Amino acid sequence: MNDIILHNHHHDHLDRRGFLKCMAWVGTGVLWTLSGGVLTSKALGEVAAAGGVLGGDATAGELSFVQISDTHIGFNKPANPDVVGTLREAMGRINALPVSPSFVLHTGDLSHLSEAEEFDTLEQELKSLKTGRIFYVPGEHDIMNDNGAQYLARFGKGTQGAGWYSFDQKGVHFIGLVNVMNTKEGGLGVIGSEQLAWLQKDLEGLSSSTPVVVFAHIPLWSIYPQWGWGTDDAAQALAMLKRFGSVTVLNGHIHQVMQKVEGNISFHTATSTSFPQPQPGTAPKAGPMLVEPGRLRSLLGITKVNYIENNHSLALVDSSLASN
């Protein structure tokens, strides 16, 4: 993986060549396998050519879940005037999976302007998902009007603070972090001292062999600070996770697939179901990116994750709405 995405510890951002190689995979579908802290990848076409098998029985994991992100219900500008329609397409792909996922993770920006009718629409649409439960974390667009009060009342019941929590499934420990509170427009995400103290206590009783999945809206690694694509105090949280043999961090916010491995921690950002954003540094600022209609669905999609119990292995498959 290091020959594709390079991490510069002095500047803490992607090597340009490596980033462009990474972005070339968007829309093709990629199978990611995490084992012992090492992430490897193959395009889905390669997997199909090999008879659909990669790394043993990775696609038949005992625990499977799907990540969706940045639905932005309420957005209606030219970059995608029908975000409900593309969300429905994403849900159709989830419902068509051979085995229904155990649950869905939504990594934030459920709404576009945190309006009541936007949340109403999302809740109604998600009822058609064939899955047991949906777990959420807020994005900055979900807390715009009321500092997250409506989000918490609807989607954060039973959580702590601004909406953080943890749960366990099939031997995997999941941690939902909130890093969108107290951030300035275009600024870096912030976890905050209260949540960091909670995280330390949450991890104390876990064995270092426990696979951990952390999900939050803004990336926990510094992708492009100039656009706020990173979290200011992420290093403190990541330091607590270093003792675990397998850690996967799932984020949204940037509306595009990017991956990095650093030691035992694998970072993965997901595409949006609403609209794409430009590659870092290729536009004056971040924001909805208008592309030709025939290309839009290749830049939107979902991420499916499988875990094989006792094998400490996670396999991530990114599928665009345009893929077969």
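This is a predicted model: local features need pLDDT of at least 70, side-chain atom pairs count only at pLDDT 80 or more; totals for chains, interfaces and linings use all residues.
**Notebook: surface, sheet and packing helices**

I started with the surface: the chain exposes about 13400 Å², and carbon and sulfur atoms supply 50% of it (Shrake-Rupley areas, 1.4 Å probe). Residues are numbered from 1 along each chain as its sequence is written, and side-chain values use heavy atoms, with hydrogens and water left out.

Next I looked up burial: 56% of the 324 residues are buried (under 20% relative accessible area, 1.4 Å probe, protein chains only).

Then contacts (heavy atoms within 4.5 Å). Of those between residues at least 6 apart in sequence, 72% join residues at least 24 apart.

For secondary structure I got eight helices and 13 strands (DSSP runs; helices are H or I with at least four residues, strands E with at least two).

I then traced one open, mixed sheet of six strands, ordered E6-E7-E8-E9-E11-E10; strands pair if DSSP finds at least two bridges between them. Its edges are E6 (165–169) and E10 (258–262), each pairing on one side only. Neighbouring strands are turned by 15 degrees on average, direction ignored (axes are lines fitted to C-alpha atoms; angles run from 0 to 180 degrees between N-to-C directions).

At the E10 end, I found five antiparallel bridges to E11 (265–269), with Met-258 partnered by Thr-269.

Last, the helices: H6 (193–204) packs on the sheet, touching E6 and E7 (172–176), at about 170 degrees to E7. H7 (234–241) lies across E8, E9 and E11, at about 135 degrees to E11.

Methods. Buried means under 20% relative accessible area, exposed over 50%, partly exposed in between (1.4 Å probe, protein chains only).
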